[in-house]
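Please read this briefing alongside the sequence and the model. It goes through the chains, their domains, sheets and helix packing in turn.

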Amino acid sequence: MPKKKIDPAYQLEYLAILDEKGKLDETLEPDIPDELLLKLHRAMLLGRRFDERLLNLQRQGRIGTFAPITGQEAAQLGAVAPLRPSDWFAPSFRETAAELWRGRKMESVILAFAGFAEGAISETKLNNLPVAIPVASQIPHAVGIAWAMKYRGKDDVAMTFFGDGGTSEGDFHEGMNLAALYQVPVIFICQNNHWAISIPRSRQTHSKTIAQKALAYDMPGIQVDGNDVLAVYAAAQEAVERARSGGGPTLIECVTYRMMMHTTADDPKRYRRDEEVEVWKKRDPLPRFQAYLKAKGLLSEEQIEAVEEGIKGEIQAAVDRAETQMEAAGDPLDMFDHAYAELPSFLEEQREELREELAAIKEETHG
Amino acid sequence: MAKMTMVQALNLALRQEMEKDDRVIVLGEDVGVDGGVFRVTDGLFEQFGESRSLDTPLAESGIVGMSIGMAVYGLRPVCEIQFSGFSYFNFHQIESHAARLRWRSQGQLNVPMVLRTPYGGGVRALEHHSESREVFYAHIPGIKMVIPSGPRNARALLVAAIRDPDPVIFFEGKAIYRAFREEVPEEEETLAIGSSQVVREGKDLTMISYGAMMRPTLEAAEELKEKDGVEAEVIDLLTISPLDHKCFVESVTKTGRAMVIHEAPRSFGPGAEVVSRLMEKAFYYLEAPISRVTGFDLTIPLFSREKAYLPGVRRIITSARKMLKN
């Protein structure tokens, strides 16, 4: 009848490869092809500049509320970079940089934030779920997709994103439990950005780390410096490979920071100190990655300038396209499309009711 | 044709669809090895193995959330929520995602899943095992809400639900799971979702019901004929949403009198929608106020009092006689 430790093998790892000053731990440096490194850099910069432009558009009243991603570029892009197109991606609502990497068009993002359902339409069918706003509710979807992949004998994986706040939701725990139980190929990416609107990470859970929650489900869990794109990539790559080869799910906690407001409808000055934000500004994922690329001889100041220029043009072109599309889109009758595969007769009647009203308004305005 | 209970008929539908289509997966609590607490999934584990007859942990939201993912990926999950009284855990997955993914993705994704769950009273069960909350689901745009009334239509409707490209909530009256048998053909049979049926013709009044309440309704119609010489037309809604008003509107334009019978509470119940449609489309044919014979607006009592709560033959007849006096 002993009283003893059950499994002392449970241990958690923390991974950081590139520190905030750009200093590299060469023993841990992942083997990433130069081309991919530069692609990641461009995507991070695009994520940042697009965010800035969206904020601008929001302040001008050209789009509605949105959730900025600034500061989380490494945590998002390092995670999705090891995915291939046949893998599935199930985002929450603050993964714009990752969504762009996965093929969503910037104009689609702008249209959606401007209140157009057309924003959900991609040019080609991608294996991405649309943004999920109810916190953590997308997690079981990724588990179901991964279950189906396993059932079909594919070596694809599903990756889902959520924040530190999301780990308090039941769907997080149900999803983690189901994934581990069925050993399905899913990767849980927690963007621990320290704030769930006004609730700091310390008041979200008593746990020291988010990563340790994996231990309860007997799945690998790792905490990484989420502002270190090399560390995020290395951890994600390992998790993706494990999932592909039948090794089951992984939880990755990316420790990062929400540099901006929760959404544009929120004022963080009401609940957090500027000093804290200043500390995290020094941990910005972009400058350290640029220092790393410069040290490797892959990038120069001039080249960064050129990338910035290219991105600026790309964003402007997307804004222009989005605004052109908005002029053509938005027929209110379209709201009846996609309710069901086939419109039931009672909905046809309601559609007719709106059509008549719209026609009458048009007549009054132009008649 | 074999005579079957509703449990056996539902089992036949699942078995045949699983034989035909390897996308069809059954999942839920105790549906595998145990064959379901009501035995609806009996034998599927033995025939199709655990990958297609999947026992899940106690996680209703996870079961439905997973089913959504499976459906989006191209499977046809049929999940079982053991009692509809526990389906509130998964409600947000239905409301927030199953119902909306087609619209949210502007037609790129769809969620061809079925959520099967027993509903209703009359089996002397514990609290949370007897309620009738079909309106919760019927109120959600993008969802189809189906309630069969007997073995034959249960089988045909479940087949249709599994093949439907949109999410279907399928309520099974536990009071009629084994209450009677019907001939159910071995060969394929489906019924269109969104269509109601006239199951008894009559000229004097129209009785509109569905699910487990169809039996007392039909019994009341017979008694009215015998004792009062009244010919009641009886309509089985079969689908709560999308509601087929053409069927009952046509009947009421003929009879001029209508009553709705359901065990769900009266206020904001399915009857309220039926009455509204009649007011909109058959008002000038009405010869008497429409009546609703329903559960009271209360939590369904524990089983010592549930018989008094549930609409029965007597209450239906009383209401019909009152209406016929007008």
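The notes below start with the domains and the chain contact and end with local backbone features.

This is a predicted model. Chain A is divided into domain 1 (13-328) and domain 2 (332-366), and chain B into domain 1 (2-184) and domain 2 (197-325). Two open sheets are described for chain B, one of seven strands and one of five strands.

**Contact between chain A and chain B**

- Chain A gives 30 residues to the contact and chain B gives 35 residues.
- On the side of chain A that touches chain B, the elements giving two or more residues are helix 5 (139-151) and helix 6 (170-182) of chain A.
- Helix 5 of chain A supplies nine residues, the largest share of that side.
- By class, the side of chain A that touches chain B has 19 nonpolar, seven polar and four charged residues.

**Domains**

- In chain A, the centres of domain 1 and domain 2, taken over C-alpha atoms, are separated by 39 Å.
- In chain B, the centres of domain 1 and domain 2, taken over C-alpha atoms, are separated by 26 Å.
- The contact between the two domains of chain B takes 26 residues from domain 1 and 22 residues from domain 2.
- The elements of domain 1 of chain B that give two or more residues to the side touching domain 2 are helix 6 (134-138), strand 6 (144-146), helix 7 (151-163) and strand 7 (168-173) of chain B.
- The residues on this side of domain 1 of chain B divide into 12 nonpolar, eight polar and six charged.

**Seven-stranded sheet of chain B**

- The strand order in this open sheet of chain B is 3-2-4-5-7-6-12, and the pairing is mixed.
- Strand 3 (53-55) and strand 12 (239-241) of chain B are the edge strands, each pairing on one side only.
- From one strand to the next, the twist of this sheet averages 20 degrees.
- Strand 5 (residues 114-119) of chain B is paired with strand 7 of chain B in the parallel sense, over six bridges.
- B:L115 has B:I169, in strand 7 of chain B, as its bridge partner.
- Helix 7 of chain B lies across strand 2 (24-28), strand 4 (76-80), strand 5, strand 6 and strand 7 of chain B. Helix 7 of chain B runs at about 160 degrees to strand 7 of chain B.

**Five-stranded sheet of chain B**

- This open sheet of chain B has the strand order 9-11-10-13-14, with mixed pairing.
- Its edge strands are strand 9 (197-200) and strand 14 (291-295) of chain B, and each pairs on one side only.
- The twist averages 25 degrees from one strand to the next in this sheet.
- Three bridges join strand 10 (residues 205-209) of chain B to strand 13 (residues 258-265) of chain B in the parallel sense.
- Opposite B:M207 stands B:M259, in strand 13 of chain B.
- Helix 8 (residues 214-228) of chain B lies across strand 9, strand 10, strand 11 (232-236) and strand 13 of chain B, and runs at about 170 degrees to strand 11 of chain B.
- Helix 10 (residues 270-282) of chain B lies across strand 10, strand 13 and strand 14 of chain B, and runs at about 155 degrees to strand 13 of chain B.

**Packing of helix 9 and helix 10 of chain B**

- Helix 9 (residues 245-255) of chain B packs against helix 10 of chain B at an angle of about 60 degrees, and their axes are 10 Å apart.
- Helix 9 of chain B is therefore oblique to helix 10 of chain B.
- The crossing of helix 9 and helix 10 of chain B is right-handed.
- From helix 9 of chain B, the contact residues are B:H245, B:F248, B:V249, B:V252 and B:T253. They meet B:V274, B:R277, B:L278, B:K281 and B:A282 of helix 10 of chain B.
- This helix contact comprises six nonpolar, two polar and two charged residues.

**Local backbone features**

- Most peptide bonds are trans, and most residues other than glycine have a negative phi.
- The peptide bond from B:S241 to B:P242 is cis, with omega near 0 degrees.
- B:P242 is placed in the loop between strand 12 and helix 9 of chain B.
- A:H338 is not a glycine, yet has a positive phi of about 65 degrees.
- The loop that holds A:H338 lies between helix 11 (301-328) and helix 12 (345-366) of chain A.

Definitions and conventions: Residues are numbered from 1 along each chain as its sequence is written. Chains are lettered from A and ligands numbered from 1 in the order in which they are written. This is a predicted model: local features need pLDDT of at least 70, side-chain atom pairs count only at pLDDT 80 or more; totals for chains, interfaces and linings use all residues. Two residues are in contact if their C-beta atoms, placed from the backbone, lie within 7 Å. Helices (H or I, at least four residues) and strands (E, at least two) are DSSP runs, numbered from the N terminus. Ala, Val, Leu, Ile, Met, Phe, Trp, Tyr, Cys and Pro count as nonpolar, Asp, Glu, Lys and Arg as charged, and the others, Gly among them, as polar. Two strands pair if DSSP finds at least two bridges between them. Axes are lines fitted to C-alpha atoms, for helices over the stretch in contact, and angles run from 0 to 180 degrees between N-to-C directions. Domain bounds come from an automatic or database domain assignment. Angles under 35 degrees count as roughly parallel, over 145 as roughly antiparallel, 65 to 115 as roughly perpendicular and the rest as oblique. A crossing is left-handed if the near helix is turned anticlockwise from the far one by less than a right angle, and right-handed if clockwise.
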